[in-house]
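I opened a new notebook page for this structure. My notes follow in the order I looked things up.

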Amino acid sequence: MQHKSFRLLNAHRIVMKAAVYYRLDNIKVKDMPKPKIGQDEILVKMKACGICGSDLMEWYLKSRAPLVLGHEPAGIIVEAGDTVEHFKVGDRVFVHHHVACLTCHYCIRGDYTMCEQFGKTHITPGGFAEYFRVPAPNLQIDTLKIPDNLSFEEATLIEPVACCIRAMRKYHIQPSDAVAIIGAGPSGIINTILLKNSAASKIIVSDIVDYRLKVAERLGADLTINLRNENFIKKLKGVTDRRGADLVIVTAPNVEAFSEGMQACRRGGTLCLFAPTPPEVKAHVSPHRLFFSEITVIPSYSTSHVETRMALEMISSGRVKAKELITHRFPLTQIQEAFKTAVESKECLKVVVTNE
Ligand SMILES: [Zn+2]
Ligand SMILES: [Zn+2]
């Protein structure tokens with residue numbers, strides 16, 4: 001009897017562990033109140049949550065710290081409010097942290113990530129916690145049940161794959177296009193895999209880490225270029241009849257990558273800007289060259305409820321082999337180590353934080 005009441009107490013405990021980010025090298029696992037849910041919300045026990053490249057950008061997070069990061073979560077519903085429909089306790093779910101309103105000027109034009117509600121909606125406190133609360137809009141618009149054939153870890157790839165699919169829906173790939181991808185981190189590799197499933201004729205990937213280039217080769221790159229010891233532009237022009245790439249995707253978050261991307265793009269081609277730089281960083285773009293070269297620049301920020309559903313389909317069908325991207329796993333209690341690995345390891349792609 002005593003034993004049973006102890007178990008009950010444990011199940012209903014009101015504190016939980018969450019990882020509070022102060023700085024990249026200062027992330028502390030702390031006790032905090034377990035979130036309380038409203039009648040139209042759910043509480044999810046986090047099972048796995050990916051570390052995103054943007055979680056490693058100090059300039060991006062500095063003004064908001066301290067905060068609990070984690071926007072690539074998957075878990076299991078442990079509480080559901082009285083009026084919640086379509087979901088129940090025990091369901092395995094992926095939850096998108098941002099959702100659009102669907103009715104504003106931006107939304108009705110399909111620019112969901114520009115919606116004013118988009119950046120204001122959040123799961124609380126974040127994915128790097130034992131439990132997180134899913135507000136009603138996130139639940140209604142972008143909470144997806146994870147099919148039985150996918151693990152929680154694989155489901156953490158839904159958001160990053162969806163970001164790449166969003167970019168893909170913005171640029172137009174034509175049969176036989178040559179594509180150059182600058183940066184072979186998780187985003188570069190996911191773009192490679194998606195383009196391998198497209199009509200592109202050549203996929204050329206550049207990076208400074210050999211390990212990542214090897215993975216790119218294994219998962220679809222036709223040619224890889226290590227920027228440390230090869231001339232990227234020269235080699236790229238050599239395989240594109242001196243034109244340059246029809247489509248360039250810049251996934252490395254620095255201005256050098258952007259400038260190199262502009263040089264790598266053929267006349268009339270498209271450059272997809274897939275990663276931000278700090279706000280004060282400026283690139284020199286000549287309107288003269290932009291005009292006469294007719295290069296189209298397409299930035300792609302984040303993703304929406306449209307692409308998360310497509311990403312789930314691509315992962316569960318096996319077209320995107322999510323498992324191949326996950327190189328490291330750490331329990332929530334070792335999150336500092338997880339971040340350190342994501343920043344420093346040369347043999348690393350996606351790092352996933354888990355919670356048993
Ligand atoms: Zn992300
Ligand atoms: Zn809107």
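I looked up C104 and C107 first: both are buried (under 20% relative accessible area; exposed is over 50%, partly exposed in between, with a 1.4 Å probe and protein chains only). The model is predicted, so I kept to its limits: local features need pLDDT of at least 70, side-chain atom pairs count only at pLDDT 80 or more, and totals for chains, interfaces and linings use all residues. Residues are numbered from 1 along each chain as its sequence is written, chains are lettered from A and ligands numbered from 1 in the order written, and side-chain values use heavy atoms, without hydrogens and water.

Next, the zinc ion (ligand 2). Which residues are its protein donors? I found C101, C104, C107 and C115, each through SG, at 2.3 to 2.4 Å. Donors here are N, O and S atoms within 2.8 Å of the metal (3.2 Å for Na, K and Ca); water is not among the atoms, so sites may look incomplete. I noted the spacing in sequence as C-x2-C-x2-C-x7-C. The angles among the four donor atoms are 105 to 116 degrees, and the site is tetrahedral (four donors, all angles between 85 and 135 degrees).

Then I checked G70. It sits in the loop between α2 (58–61) and β4 (73–80). Helices (H or I, at least four residues) and strands (E, at least two) are DSSP runs, numbered from the N terminus. Why does G70 count as buried? Because its relative accessibility is 7%. Leaving out residues up to four places away in sequence, G70 touches C49, I123, G126, G127 and F128 (contact: heavy atoms within 4.5 Å).

I turned to the open sheet. Its six strands run in the order β10-β9-β8-β11-β12-β13, with parallel pairing (two strands pair if DSSP finds at least two bridges between them). β10 (223–226) and β13 (296–299) are the edge strands. Five bridges join β11 (residues 245–250) to β12 (residues 265–273). V250 stands opposite L273 in β12.

Last, the cores. A nonpolar core is a set of buried Ala, Val, Leu, Ile, Met, Phe, Trp, Tyr and Cys residues joined through side-chain atoms within 4.5 Å. The largest has 47 residues; I249 is one of those with the most contacts inside it. Helix α6 gives the most to this core, with seven residues. A second, separate core has 38 residues, including Y21 and F339.

Notes. Four donors count as tetrahedral if all angles lie between 85 and 135 degrees; four count as square planar and six as octahedral if opposite donors are over 155 degrees apart and all others between 65 and 115; anything else is irregular.
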